[in-house]
Amino acid sequence: MPPPKLLPTLLLLTTVGGIVSSLGASLVPRIARELDVPLASAQWTLTATMIAAAVSTPLIGRYAVAHRRRTTIVLGLGVVIVGTVLSALAIEISALGLPVLIAGRAAQGIGMAMAPLAMAVARDVFPPERASSVMAVLSVGMVTGAGVGYPLAALVAQIGGLAAAFWFGTIISLLTLMLSARYVPSAPFAAPAPVNATDALLLGAGTVALLLGVSRTTSWGWDDPRTLTLLATGSAAVALWVRVSLARTNPLVDLRLAFTTAAAGPNIAGLLAGAGMYMGLTLLMVLVQTRTPEGWGLGSSVLVAGLLLVPYSVMSVLGSRVSLLVGRYVDPAKVLPFGCAIYLISTVFLAFRHDRIWHAVVAMAVAGLGSGGTFATLPVLLVRVVPVAETSSALAFNQVLRYFGFAVGSALVVTVLTLASGGPTPTERGFVVASLLNAAMWVVAIVAICGFGRRARLPPGGPGSPPR
């Protein structure tokens with residue numbers, strides 16, 4: 001029997017990633033004002049976190065085999081604590097400024113890499129009849145953590161300032177570390193798979209170059225040699241990473257398993273839903289905290305912006321429970337596109353109705369319902385269609401794609417918002433264009449899921465059998 005306090009500890013371990021990420025998104029407009037930097041530059045305090053999470057997750061997942069898992073969790077949370085302290089000091093000591101803040105935020109991205117480890121612990125410790133439902137709950141934990149973290153971080157920032165929000169993150173991370181060291185069980189020795197850092201370096205370099213190139217188009221332009229160099233370098237690095245991964249017998253990420261089996265649908269959904277989710281959350285933060293001379297925007301405080309994420313969090317939990325209940329009677333592969341469609345409705349609604357606070361409340365409630373249903377279904381589908389021996393790596397890679405989607409959505413939405421607004425100050429036109437682009441992202445996700453759902457085959461012999 002698992003220890004009674006293990007499930008709350010694992011839930012906190014996944015939730016802390018959402019709380020850490022929420023320290024970026026809701027505070028970005030305020031960081032831009034207080035540090036006197038453009039919104040696109042301040043957005044890197046969020047994007048850097050997502051990139052670090054995307055790159056570190058497969059590397060940590062490969063290293064953290066059974067007997068190393070608890071130690072890796074404790075060390076990873078220690079890095080997160082260092083990151084939150086750096087971020088707080090960067091706010092308090094003006095000489096440190098944005099570069100140190102971004103470095104601290106990147107270190108906090110390691111916290112988001114803890115979620116797959118928590119799910120791997122659940123898979124190993126809980127009985128098979130409970131493991132799938134526990135992993136689904138943990139999958140939504142980060143979404144819930146963001147919903148809880150937004151108002152908490154906003155309240156702390158409103159009362160004590162920006163630095164206090166990061167000190168709050170330090171306390172939460174320290175509590176998680178203490179509980180994890182106490183309640184996450186040790187495991188027997190298992191031979192570790194080789195860890196090749198080259199794969200992670202290529203993926204990280206390519207991701208940073210691509211996203212930096214996209215974000216700098218607002219100031220350099222698409223045809224600037226610096227922009228083109230970044231985009232070309234990033235594309236080459238990612239292409240080389242794909243080639244190296246396919247050539248290895250034991251790659252950091254098994255791309256064949258990820259995209260040539262029935263796992264392709266959930267993986268593509270994780271990427272696109274991650275991008276769409278963070279585009280929506282960023283747009284909400286901009287809408288609520290902006291007030292232009294023309295009268296557009298709600299002009300509210302960071303606290304109000306954070307409180308608007310409470311219905312998102314509550315409905316994401318409800319959405320996860322409903323999707324799991326429906327999945328008992330309906331193929332989960334058919335439930336997934338409905339979760340995406342519900343989020344799509346919220347983006348379209350907010351694109352055309354954004355003049356009142358209640359418009360934002362309704363949009364976030366609907367978005368939470370769709371987000372919870374989507375992210376709770378993904379691990380259920382993956383566990384069903386991949387071999388048992390590959391479950392951990394499959395869940396980790398799906399989490400990588402989700403984080404990469406977060407980073408893409410975070411960088412892309414500000415770029416589109418700035419270009420469509422005609423300058424660094426957001427306008428209603430820019431908001432509507434960015435919202436419709438977000439809606440298009442969810443449409444593509446639905447089409448891709450349905451298309452791969454028809455084409456994908458379960459592994460021969462049924463779920464849990466090795467793929468051909």
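Contact, as the term is used here, means heavy atoms within 4.5 Å.

## Basis of the model

This is a predicted model, in which local features need pLDDT of at least 70 and side-chain atom pairs count only at pLDDT 80 or more, while totals for chains, interfaces and linings use all residues. Residues are numbered from 1 along each chain as its sequence is written, and side-chain values use heavy atoms, with hydrogens and water left out.

Ala 367 belongs to helix 17; helices are DSSP runs (H or I, at least four residues) numbered from the N terminus. With a relative accessible area of 0%, Ala 367 is buried, where buried means under 20% relative accessible area, exposed over 50%, and partly exposed in between (1.4 Å probe, protein chains only). Not counting residues up to four places away in sequence, Ala 367 touches Tyr 312, Tyr 343 and Ser 346.

Thr 347 is part of helix 16 (residues 332-352). Thr 347 also counts as buried, at 7% relative accessibility. Its contacts, leaving aside neighbours within four places in sequence, are Ser 435, Asn 438, Ala 439 and Trp 442. The C-alpha atoms of Ala 367 and Thr 347 are 7.7 Å apart in space, and the two residues are 20 residues apart in sequence.

## Packing of helix 15 on helix 17

Helix 15 (residues 309-326) and helix 17 (residues 357-385) have axes that come within 6 Å and cross at roughly 40°. Axes are lines fitted to C-alpha atoms, for helices over the stretch in contact, and angles run from 0 to 180 degrees between N-to-C directions. Helix 15 is therefore oblique to helix 17; angles under 35 degrees count as roughly parallel, over 145 as roughly antiparallel, 65 to 115 as roughly perpendicular and the rest as oblique. The crossing of helix 15 past helix 17 is right-handed, a term that applies if the near helix is turned clockwise from the far one by less than a right angle, left-handed being the anticlockwise case.

On the helix 15 side, the residues making the contact include Leu 309, Tyr 312, Met 315 and Gly 319. On the helix 17 side they include Met 364, Ala 367, Gly 368, Gly 372 and Ala 376. By class, this contact of helix 15 with helix 17 has 13 nonpolar, nine polar and no charged residues. Ala, Val, Leu, Ile, Met, Phe, Trp, Tyr, Cys and Pro count as nonpolar, Asp, Glu, Lys and Arg as charged, and the others, Gly among them, as polar.

Ile 357 is also placed in helix 17. At 34% relative accessibility, Ile 357 counts as partly exposed. Leaving aside neighbours within four places in sequence, Ile 357 is in contact with Leu 298, Ser 300, Val 304 and Leu 308. From Ile 357 to Val 304 the separation is 53 residues in sequence and 9.4 Å in space, C-alpha to C-alpha.

## Packing of helix 5 on helix 6

Helix 5 (residues 69-92) packs against helix 6 (residues 97-112) at an angle of about 160°, with the axes 7 Å apart. Helix 5 is therefore roughly antiparallel to helix 6. Helix 5 passes helix 6 in a left-handed crossing.

Among the residues that meet are Gly 76, Val 80, Gly 83 and Ser 87 in helix 5, and Gly 97, Leu 101, Gly 104 and Arg 105 in helix 6. The contact of helix 5 with helix 6 divides into nine nonpolar, eight polar and one charged residue.

Thr 47 is buried at 1% relative accessibility, and Thr 45 is buried with a relative accessible area of 1%.

Not counting residues up to four places away in sequence, Thr 45 touches Val 28, Ile 31, Leu 98, Leu 101, Ile 102 and Arg 105. With the same exclusion, Thr 47 touches Leu 211, Ala 407, Ser 410 and Ala 411.

## Nonpolar cores

The largest nonpolar core has 93 residues, and those with the most contacts inside it are Met 277, Leu 284 and Tyr 312. A nonpolar core is a set of buried Ala, Val, Leu, Ile, Met, Phe, Trp, Tyr and Cys residues joined through side-chain atoms within 4.5 Å. Helix 13 (residues 264-289) supplies the largest share of this core, 15 residues. Another core, of 35 residues, lies apart from it and includes Val 16, Val 20, Val 184 and Leu 395.

## Backbone at Asp 36

Asp 36 is located in the loop between helix 2 (28-34) and helix 3 (39-42). Although not a glycine, Asp 36 has a positive phi of about 55°. Most residues other than glycine have a negative phi. Asp 36 is exposed, with a relative accessible area of 69%.

How values were computed: Helices (H or I, at least four residues) and strands (E, at least two) are DSSP runs, numbered from the N terminus.
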